[in-house]
Amino acid sequence: MYKRILTGGIVLLFILGIFSVLPIHGEQEIYESVVRLHVLANSDSEQDQALKLLVRDEVLRQSEPLLRDCKSREQAIRILDENQSLLQQAAQAIVLEHGYDYPVTILLGKEEYPTKNYENCCFPSGTYVSLRICIGEAEGQNWWCVLFPPLCLSAASADDEKSNEDAFISVGLTSEQYRVITETDNVKYRIRFKVLEAVQDLFGKKN
């Protein structure tokens, strides 16, 4: 009888331990609350990679005031969609200004992203809404970031980290969800992060 109770207690603790690391706190909203930015260079040449960064800077400069007061991903998507022509022309102007004739195309839609680290955050792989900037043949190394909330600029201080958290909370994420992408050295959150990726891999592509 005692052994049966002990075994039952161990099983219960094991089940509770599993549930403590599973993504049951709405972590799927991580995918549903952000807009990613993906800039693809014409090639891997030094010149094309430098041009990619100039185009990136201009797109960020143009998009920052457009997205400054956005309160949701849906609002950000609508504004980006309405201003695709503006962003494309600005990016194209940078290319021409630096002596290249590469065409620049902009695509707004869902895209598969690998796991990516940014300063204080690590975003799980999966399907995200993405603003994709393609320069010329778009066969060079990529530059990835989070366009909304605006995390593309370097965040190195504690104040920046707090600002990042506030930005995510403002678009609907909870503090618990934010920890999943920032505390990936914590065993509990690391496991939940990996489970989240596995779930997205299984079901995300069906959406």
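These numbered points go through the sheet, the helices against it and the aromatic residues of a predicted model.

1. The sheet is open and has four strands in the order S2-S5-S1-S6, with mixed pairing. Strand S2 (104-113) and strand S6 (142-148) are at the edges, where each has a single partner strand, so one side of each is left without a neighbour in the sheet. On average, and with direction ignored, neighbouring strands are turned by 30° against each other.

2. Strand S2 and strand S5 (residues 126-135) run antiparallel and are joined by 10 bridges, and Tyr 113 is found opposite Gly 126 in S5. Helix H5 (residues 84-97) packs on the sheet and touches S2 and S5, its direction making about 115° with that of S2.

3. Helix H4 (residues 73-82) lies across S1 (35-40), S2, S5 and S6, and runs at about 40° to S1.

4. Among the four aromatic pairs of the structure is that of Tyr 31 and Tyr 128, whose ring centres are 5.0 Å apart and whose planes stand at 45°, so the pair is tilted. This pair links distant parts of the chain, since Tyr 31 belongs to helix H2 (residues 29-32) and Tyr 128 to strand S5, 97 residues apart. Tyr 31 is buried, at a relative accessible area of 2%, and Tyr 128 is buried at 0%.

5. Tyr 31 and Tyr 128 also belong to one aromatic cluster with Tyr 113 and Trp 144. The charged end of Arg 36 sits over the ring of Tyr 128, 4.5 Å from its centre.

6. Elsewhere, Arg 56 lies over the face of Trp 143, at 4.8 Å from the ring centre.

Notes: Residues numbered from 1 in each chain as written. Predicted model: local features only at pLDDT ≥ 70, side-chain atom pairs only at ≥ 80, totals over all residues. Heavy atoms only, no water. Pairing = 2+ DSSP bridges. Helix = DSSP H or I, 4+ residues; strand = E, 2+ residues; numbered from the N terminus. Axes fitted to C-alpha atoms, helices over the stretch in contact; angles between N-to-C directions. Contact = heavy atoms within 4.5 Å. Phe/Tyr/Trp six-rings, centres within 6.5 Å; stacked < 30°, edge-to-face > 60°. Buried < 20%, exposed > 50% of the residue type's maximum accessible area, 1.4 Å probe, protein only. Lys NZ or Arg CZ within 6 Å of the ring centre and 35° of its normal.
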